[in-house]
Amino acid sequence: MRLVLLGPPGAGKGTQAAIIAEAHDIPHVATGDIFRANVQQETALGTEAKAYMDRGELVPDDVVIGMVQDRLTEDDAADGFLLDGFPRTVPQAEAFEVWLQERDWPLDAVIRFVAPEEELIARLESRREIEGRSDDDSEVIRKRLVEYRSKTEPLEDFYEERGLLRDVEAVGEIEEVGRRTLDMLASLERA
Ligand code: AMP
């Protein structure tokens, strides 16, 4: 399946992505993880991305789009993929749509994880303590949520209009949310 995960920071996308990718045997492509790996390896891409990431801002569209297209042309993505953290803006989604059409690679679903704002902030604060991510401090967390609301939320309408949006309640135990997501995907496959 070709899937996109949507949902604000802290909604549990990364955790759920791992569950879905394993169950469907597709690569989990997380743009944030790719950026963090590049920052760690001090590549040119990493240096460019780091300044934006540390401020809680989005990396420019052209940088991200090129990076994702390169990743998805690797062999393991030929039969499907799960995108986590991309697209994040309408221009990214538009460019991606054209690129997918050129390949005759329609998306199967865009999964939106839904959780209340207080829950998101609480999860991000606790992740900071566990993982020590430099963009999980309170100011940056707030900035990332604002970025999400202003730039990424419009994608919900974009994919709703295309009949692709599927909501999953992201509250509860990890396994329970995972089960809900896999059940939803199974019902799509049966349809
Ligand atoms: P994430 O791990 O998905 O929360 O991403 C961490 C950071 O990487 C974000 O706050 C952005 O700075 C950057 N990033 C990840 N994906 C994208 C994207 N699709 N567009 C722009 N910036 C991104």
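The buried residues of helix H8 (residues 154-161) pack against strand S1 (2-6), helix H5 (90-103), strand S4 (109-114), helix H7 (138-152) and strand S5 (165-169). Contact here is heavy atoms within 4.5 Å, and helices (H or I, at least four residues) and strands (E, at least two) are DSSP runs numbered from the N terminus.

This is a predicted model, where local features need pLDDT of at least 70, side-chain atom pairs count only at pLDDT 80 or more, and totals for chains, interfaces and linings use all residues. Residues are numbered from 1 along each chain as its sequence is written, and side-chain values use heavy atoms, with hydrogens and water left out.

Back to H8. Its buried residues are Leu155, Glu156, Phe158 and Tyr159; buried is under 20% relative accessible area, exposed over 50%, with a 1.4 Å probe and protein chains only. Down the axis of H8 they fall within an arc of 160°, so they line one face of the helix. That arc is taken over directions from the helix axis to the C-beta atoms. On the face turned away sit the exposed residues Asp157 and Glu161. After H8 comes Gly163, with a positive phi near 70°.

Next, a helix pair. H1 (residues 13-24) and H9 (residues 174-190) pack at about 45°, their axes 10 Å apart. Axes are lines fitted to C-alpha atoms over the stretch in contact, and angles run from 0 to 180 degrees between N-to-C directions. Among the residues making the contact are Ile19 and Ile20 of H1, and Leu182 and Leu185 of H9.
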